[in-house]
Amino acid sequence: MKNIILSTLVLFVGTLFVQAQDIDAGKTLFKSNCAACHTVGKGKLTGPDLKDVSERVSHKWIAAFVTNSSDVIASGDEYANAIFKEFNKVPMTAHPHLTNDDITNIIGYIDDASVAKAAPVVIVGTGGQVGGNDFSIIN
């Protein structure tokens, strides 16, 4: 029984480790492989805006499409065909050189960039007095 629990724990921790995303690596990969055709939250270019793409399709679907969009389109996938038609029936460039880890990192970057980040708040003193309460908040 103890071995079963230990094995389950090792598998669970191993799965978490494998699914970890390196957002900085994803950003670098995105810039060198995706940014010429895609944005994250800045509108369409040659391809669709990828903001919140993980909410529209699974990571498995994204990996298949990135690796070879033509195969996904040819499979009859409804969403892939809708994108294909919307973008003048031009398939996305295949990226078979990207590993699963690369794609996971790119997705991690896109997910992170999709989240609206609050602007920093700057507090500026106006009274010139240490410990005074004449402060303004600037957004």
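The questions below concern the core, the aromatic rings and the salt bridges.

Modeller: This is a predicted model, in which local features need pLDDT of at least 70 and side-chain atom pairs count only at pLDDT 80 or more, while totals for chains, interfaces and linings use all residues. Residues are numbered from 1 along each chain as its sequence is written, and side-chain values use heavy atoms, with hydrogens and water left out.

Colleague: How many residues has the largest nonpolar core?

Modeller: A nonpolar core is a set of buried Ala, Val, Leu, Ile, Met, Phe, Trp, Tyr and Cys residues joined through side-chain atoms within 4.5 Å; buried means under 20% relative accessible area, exposed over 50% and partly exposed in between, with a 1.4 Å probe and protein chains only. Among the residues with the most contacts inside the largest core are Phe 30, Trp 61 and Ile 110, and the core has 24 residues.

Colleague: Which residues does Ile 110 touch, not counting those up to four places away in sequence?

Modeller: Contact means heavy atoms within 4.5 Å. On that basis, Ile 110 touches Phe 30, Val 40, Leu 50 and Val 53.

Colleague: Why do the rings of Trp 61 and Phe 65 count as a stacked pair?

Modeller: Rings of Phe, Tyr and Trp (its six-membered ring) pair if their centres lie within 6.5 Å; planes under 30 degrees apart count as stacked, over 60 as edge-to-face and the rest as tilted. Trp 61 and Phe 65 are 4 residues apart in helix 4, about one helical turn; helices (H or I, at least four residues) and strands (E, at least two) are DSSP runs, numbered from the N terminus. The ring centres of Trp 61 and Phe 65 are 4.8 Å apart and their planes lie at 10 degrees, so the pair is stacked.

Colleague: Is Phe 65 buried or exposed?

Modeller: Phe 65 belongs to a cluster that ring pairs form with Trp 61 and Tyr 79. The relative accessibility of Phe 65 is 9%, so this residue counts as buried.

Colleague: Which residue forms a salt bridge with Lys 44?

Modeller: A salt bridge is a side-chain nitrogen of Lys or Arg within 4 Å of a carboxyl oxygen of Asp or Glu. Lys 44 is exposed at 55% relative accessibility. The closest N and O atoms of its salt bridge are 2.5 Å apart, and the partner is Glu 86.
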